[in-house]
Amino acid sequence: MKLMKNFLSAVVRIWHLPFVKYGVISIIGVILVGAVGDNSLLAHIRNKQYIGELADEINKYNEQAKADMRKIRELNRNPKAMERIARERYFMKHDDEDIFVLSDDDRSPQFIASDDETTE
């Protein structure tokens, strides 16, 4: 008990030294500002990281837009390119042609149940 009393009296003496109170309160304030709230240092770091991700996404979309603009310019200049896309994507054909579409879909075989009356 005496040890605890001596410890508390030492803490009180230290607390009453000049500028100790202000230093402790300042340190606590800096820690709170750095770790809690919308304007904290942690939130600032998270926002910087999010801004970097958004900048990467903007660059990706800009590159995609440039590629699309190149394709549009090619389609406007070259009628053969328009015909090629119509044939490949929309399966358009001339009157004297036949088109065979080969599917790459991986479909599992469907087994017909033997007790199904509609198959008999």
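Student: Which residues form the nonpolar patch on the surface?

Tutor: Keep in mind that this is a predicted model. A patch here gathers nonpolar side chains within 5 Å, from residues with over 30% relative accessible area. In this case Trp15, Val24, Ile25, Ile28, Leu32 and Val36 make up the patch, and together they have about 540 Å² of accessible area.

Student: Which helix gives the most to the nonpolar patch?

Tutor: That's helix α2, residues 20–35, with 4 residues. Trp15, for its part, sits in helix α1, which covers residues 2–15.

Student: Okay, helix packing next. How do I describe two packed helices?

Tutor: You give the angle between their axes and the distance between the axes. Here, take helix α3 (residues 41–77) and helix α4 (residues 79–90): they pack at about 110°, with axes 5 Å apart. Angles of 65 to 115 degrees count as roughly perpendicular, so α3 and α4 are roughly perpendicular to each other.

Student: Which residues meet there?

Tutor: From α3 you have Glu74, Leu75 and Arg77; they meet Pro79, Ala81, Met82, Arg84 and Ile85 in α4. Sort that contact by class and you get 5 nonpolar, no polar and 3 charged residues.

Student: And how many salt bridges are there?

Tutor: The rule asks for a side-chain nitrogen of Lys or Arg within 4 Å of a carboxyl oxygen of Asp or Glu, and the count comes to 2. One of them joins Glu63 and Lys66, whose closest N and O atoms are 3.9 Å apart.

Student: Where do Glu63 and Lys66 sit relative to each other?

Tutor: Both are in helix α3, 3 residues apart, so about one helical turn separates them.

Terms used: Residues numbered from 1 in each chain as written. Predicted model: local features only at pLDDT ≥ 70, side-chain atom pairs only at ≥ 80, totals over all residues. Heavy atoms only, no water. Axes fitted to C-alpha atoms, helices over the stretch in contact; angles between N-to-C directions. Helix = DSSP H or I, 4+ residues; strand = E, 2+ residues; numbered from the N terminus. Parallel < 35°, antiparallel > 145°, perpendicular 65-115°, else oblique. Contact = heavy atoms within 4.5 Å. Nonpolar A, V, L, I, M, F, W, Y, C, P; charged D, E, K, R; others polar. Patch = residues over 30% accessible without salt bridge, like charges linked within 9 Å, V, L, I, M, F, W, Y side chains within 5 Å. Areas by Shrake-Rupley, 256 points an atom, 1.4 Å probe, with all protein chains shown as cover.
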